[in-house]
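Reader: Please take me through the assignments in this model, giving the criterion behind each.

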Amino acid sequence: MFPDPVMNFLHLLANLDAYQACLEYREEESPASGRHSHRGRHSRTVVRFSPEKPQTPTSTPGLRPTSVVSVQEGRLSGGSTELRPKSGKSLTFRLAPGRHTPAHSVSEAEFKIIRRDIQTPVSVTRVENYRDGYASGRSTQLSSIREGARSPTPNAAKDMEHAFIDVTPDMPGLSVWRIQGTTVRCCDVDEYGFFHEGNVYIVLNVVSPNDRTLHYWIGSQATEAEAALGEKKAHHLDLIVANAHLFSREVQNHESTVFRRVFPDGIVYIEGKHKQSVPRAAQYEKRLYLVTGRKYARAACVFPSRVHMQSSNIVILDGFPRIYVWIGKDSGYVIKNKAIRLARKMQLRQRNGTCHVVVIDETETSLSERFKLKFDDCAFPELPTNGLLDQGEGEHTEEHDSAEQRLVMHRVSGDRVLYDMPEAHKRPFKQRYLVTRDSFLLDQGPREAMYMWVGADAMEDEVNNAISRAKSLREHHGYPAESPVCRVREGHEPTEMKQCFCDWRDHLSKGMPLTKIYSAGNVGRALFSRTDRRTVATVKGCWSEDTLGEIRKNTQVWVLSEGELSEWDHVGVFTNARCFLVFHTTLEGAHFQYVLYYWLGTQASRADKDRIVQLALEKNDQLENAAVLIRVLDGREPQHFMTALADWMLVYDGELETESDRKLFCVRDAGDRATRIQQMPLCWDSFNSSASFLLLTEDNPFLWYGRQSGSTEREATKDLLGILCSAKMYSYEVVPEGKETVAFLKHVGGTKAYETEYKTQVLERRPPCLLYCHPNERDFELIDNFQQEDLSEEGVFILDTFDQLFMWCGERVEGKRRKRLLELSEAYIRCDPACRDHSAVSVWAVSQRCEPLAFIKHFRTWNALGYSGRHSYEILRKRVRQENAKIDIDQNLVDTTFLSQPKYPYRVLLQKELPPDIDDTNKHNHLSERQFRDNLKVSRLEFYRFPVWKQRQVLRSARLLYVPPVIQHAEPT
């Protein structure tokens, strides 16, 4: 079977201690050799020997050879298989239980083909990473975890939780499990988004095969044993789904954004456990829910009291036959709409749509006072807060402020905090710091989520132990146990993590330039790709450039002089020692667009810069906030600002009246048909090879042309000479770079080194993100998957594209807060994890209903009435009233079918084998009225007044709740 040297070598190894290791022998085969050859792209047969019991008498004692496997009639034939790839993952699987069952090792692509063609369930036992034909990193031994099978093998079923048997990693959908004692139970669809405070939940959300998120949620009243069991089961499920792309640990009232986005319609906290004693489960009075949050609402159960009815709060009273929503007058319109939708969710899922939703606004004085009479505060002297203070709205201490500034990246290689988790980098972070073979932990302080980033080529041990290692570091720093911990796989980073890096670029655009450069002849034939996020631009164009209306109507300029504005007749002429205000009117679409530019000179005082901002805001107030305020810095003028100045501007150094015999002017191309002229100090440091210069002297003027300057700049230099000194416009001397004459050097001095090109910090544009500015002006809440309805009339928002900030202000924002918009942008940049320079960011102030196209284009849809304001709030209330008119709350809630059902004693209903005429899905219908009250501790009428979750709790506590039997999968033959 094998050459003699090989057999001698194998017999020798059989007597050595190395015999315990797995040996591999590879022999290249050719079709002419007469031996077996594998059909396909592999041209070699790989023979593997493992230290197991021999299968045939002809094999070497203690070593089992493998042979080629083939797929025939939906089953695998032959012995074991060894077809490892040169690069990529190799999976080892078995088809039947038993230690000596042949094992098959194939590449990941071939495994998918085999899994598709065969009907027998498979069990993946080992995963290895290969690179250039050799194993790279550490392999992973799995404990009979199946891969892609409808039912597990008997070995897998022995270790696998029954609730996870039907989990399919590639099937999109949401699944929720609850820890009940020592078992895991699958929750019904109606229970999604409702969490008992005394339980632990596991949530799996499969958006697509390339987007799987896994979370385990711990209630505030859950025991440590339940929390530990929930973590263990969640890691077990993580292995079943082949490692979720995002895996997090969540605690009640402190959930991360990645968890709350799974339930976009909101989360409701239910008191107690899913199962209690029967007398306690039967106790149910009025339940008041306090609604917090913004993008994703949360409703927590509190004791009914008038204390919670403050003007800034929203509460929901789950009563019968009505669910009341009381809305404070100072609450935002976004949370108002979210609270109404949350009440409708409770109506449909917990009341089966048989009750009314009544919305009461605090401004409706009579209804509000009558609603408060439903509560008796004397019955409850102490009111627990239950941890309901919304994140970001609490009081800040100096300790918290100092901790919030902590942003450190650790390289994680083990479980020991001091030795295996050293500080690798400090901010600003760069994306290249994340090495694909390692794991890194991003520590943002005690109040933010802790992210454990795992590279695509990291060892499996680092993937499985990421959560536990992050918890160890959190305990080492003394962070609260409630702070979220999240494991992130490479390529699936959330937006919150990307914002911590100064140069983050998505995987699709990584390594590609942000602009495509075309010539004037072929730009019209440019083709776009759906996966390419770049933009066509000219050579001088910028990817992040925004434009306003191209039709220029009027431009007025004012200069700040002694704290007041005065008319400036020299449009396009500036001095860097002063500040200017430019009012530009343009036509954008079918309406006029007003733009107020405030230009800040480099040599202007700080007092003048603050004063020009105040005057710009006052001018905008006179226009009823209809203008867009744009900050323009000296030397960073955008293209649309140059368009407002007729594509030409001249900036003097110092005051305009300064007289000098010699002056040096730099002429540069500033974009599309625009020219910028700057007076420079007369020295060699001012020269640059990328521009043209005009030197005015008492004698003849000099025109110095840099090697990289264009014809546009050189012609503009001649035109500038005719403007500044028309008498000498025909008597000048041209001085090319490198051929300076003696007369020219006499005015400038000896030749010295200078720059060959202008280096200006330009930030790359990123996908936009929307942030809500809290009234304390220190906290900024990220709004995930933003849309127009997230903008509310009474709020201030920041639309951040990394190179540009839009400060959006609602029409109901008070004047004092509106005047601090620019200060708010500085505060936001100061706390930016990416350490951006405020001078490198373009700042726009935008008012509601006057948004330019540069702002609107970042939203999926835009409507003039799409804001979260009074209009949308009244429409939602009207829709609720219309739905209430279709619901008859006077109908009989009691299921009268129990009258025709045979009656049995309570002890009979607890038996495993029930009489054939008993409906096991509604066992309580077989109880008489007396036994119903004695055993469930509540009357039948009161029972049907309970919400669905409370009815299930009572039946579960009385052991009458229907539990679907666990499906026992047959063993494969």
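Reader: What makes S32-S36-S38-S37-S39-S40-S41 an open sheet with mixed pairing?
Author: Seven strands stand in that order; strands are DSSP runs of E of at least two residues, helices runs of H or I of at least four, numbered from the N terminus. Strand S32 (573-575) and S41 each have a single partner strand, so one side of each lacks a neighbour in the sheet. The twist from one strand to the next averages 20 degrees. This is a predicted model, in which local features need pLDDT of at least 70, and side-chain atom pairs count only at pLDDT 80 or more, while totals for chains, interfaces and linings use all residues. Residues are numbered from 1 along each chain as its sequence is written, and side-chain values use heavy atoms, without hydrogens and water.

Reader: How do you know that S40 and S41 pair?
Author: Pairing requires at least two bridges found by DSSP. Strand S40 (residues 702-705) and strand S41 (residues 733-736) have four, in the parallel sense, and Phe702 has Glu733 as its bridge partner in S41. They are therefore paired.

Reader: Why is the crossover from S40 to S41 called right-handed?
Author: The term applies if, with the strands pointing away from the viewer, the path from the first strand over the helix to the second runs clockwise. The β-α-β path from S40 through helix H16 (residues 711-724) to S41 is right-handed, so it runs clockwise in that view.

Reader: What makes S37 and S39 a pair?
Author: Five bridges join strand S37 (residues 663-669) to strand S39 (residues 692-696), and the two run antiparallel. Lys663 stands opposite Leu696 in S39.

How values were computed:
Axes fitted to C-alpha atoms, helices over the stretch in contact; angles between N-to-C directions.
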